[in-house]
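Hi everyone, thanks for coming. I'd like to walk you through one model today, so let me put it up on the screen.

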Amino acid sequence: MNEKLAAEVAGKIAKRMERANKPVPVGVSNRHIHLRQDHWDALFGKGTQPRKLKDLKQLGQYAAYDTVSLVGPKGRLENVRVVGPHRSGTQIEISMTDSMNLGIKPPIRDSGKLQGSTGVKLIGPKGEVDLKEGVIVAKRHIHIAPSEAKDFGVSEGEHVRVRAGVGGERELVFERVLIRVSDQFRLEFHVDTDEANAAAIKSGDEVYLV
Ligand SMILES: [Zn+2]
């Protein structure tokens, strides 16, 4: 083995050992919807605002008391929670199990990338919206602030591997976990309910980069 390769391998192993001491808290995302203002108005009534239920860990984001129903060709999902504040595009994040129950096939996407995504009918207390696109299965990701990203040796847009459920019957390594860096972010590994169940993990558990 040449020296350059040996140094590279040693560097990778050192990085891995260091990361093994830094737990990342899990945040399991249940199905939810981010609404555009005019869609909110159509579903809940103009002049009304979402009622905050609780702040989420990511700065400025909150879960609302308000919910909508989704209707697809095969079924209906009730009580899909609104997450505020409103966004420039309506985005619905559901699991693959939810997709099957609705009878739709949304793409697995990063948040915000909605072009060509799947439509669904939304029903609120004051009206309905026939959405042409906006449904995705969110790509698993880690939110991280810039200073912490430095500590972990990761950067925006990078994919990492995450070991979850360590020591449990369903311990597994998630591949292709997207790193998302922003000073608005707090360290959190975001998965949906299908992914969490696959590893038997819940919000607040700890996972590790490998
Ligand atoms: Zn997230």
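**Pockets, barrel and zinc site**

Let's start with the lining of the largest pocket: β1 (24–29), β2 (32–34), β3 (52–55), β5 (76–84), β10 (141–144), β13 (188–192) and α5 (193–199) each give at least two residues to it. Please keep in mind that this is a predicted model.

How big is the largest pocket? Its volume is about 970 Å³. The lining comes to 43 residues, and those closest to the centre are Ser29, His32, Leu56, Val83 and His190. And what is the lining made of, by class? There are eleven nonpolar residues, 17 polar ones and 15 charged ones.

Hold on to His190, please, as we meet this residue again at the zinc ion. His190 donates through ND1, while His141 and His143 each donate through NE2, and these protein donors lie 2.0 Å from the metal. Along the chain, the spacing of the donors reads H-x1-H-x46-H. Are His141 and His143 buried or exposed? Both of them are buried.

Now for the strands. Six of them form a closed barrel, in the order β1-β13-β10-β12-β11-β14, and the pairing is mixed. From one strand to the next, the twist averages 40°.

On one side, β1 runs parallel to β13, with four bridges between them. One of the residue pairs here is Val26 with its bridge partner Phe189 in β13. β1 also pairs with β14, this time antiparallel and through two bridges. There, Pro25 sits opposite Glu206 of β14.

That brings us to β14 itself, residues 206–209, which also pairs with β11, residues 159–164; this pairing is antiparallel too, again with two bridges. Here you can find Val162 opposite Leu209 of β14.

Before I stop, a look at the second largest pocket, with a volume of about 210 Å³. Which residues line it? They are Met96, Ile108, Val137, Ala138, Lys139, Arg140, Glu175, Arg176, Asp192, Asp194 and Glu195. The elements that contribute two or more of these are β9 (128–138), β12 (172–181) and α5. By class, this lining holds seven charged residues and four nonpolar ones, with no polar residues.

Key
Residues are numbered from 1 along each chain as its sequence is written. This is a predicted model: local features need pLDDT of at least 70, side-chain atom pairs count only at pLDDT 80 or more; totals for chains, interfaces and linings use all residues. Side-chain values use heavy atoms; hydrogens and water are left out. Two strands pair if DSSP finds at least two bridges between them. Axes are lines fitted to C-alpha atoms, for helices over the stretch in contact, and angles run from 0 to 180 degrees between N-to-C directions. On a 1 Å grid over the protein atoms alone, a cavity is a set of points where a 1.4 Å probe fits but cannot get out, and a pocket is an open set with protein on both sides within 12 Å along at least five of seven lines; lining residues have an atom within 4 Å of a point. Grid points are joined across faces, edges and corners, and a volume is the space filled by probe spheres set on the points. Ala, Val, Leu, Ile, Met, Phe, Trp, Tyr, Cys and Pro count as nonpolar, Asp, Glu, Lys and Arg as charged, and the others, Gly among them, as polar. Donors are N, O and S atoms within 2.8 Å of the metal (3.2 Å for Na, K and Ca); water is not among the atoms, so sites may look incomplete. Buried means under 20% relative accessible area, exposed over 50%, partly exposed in between (1.4 Å probe, protein chains only).
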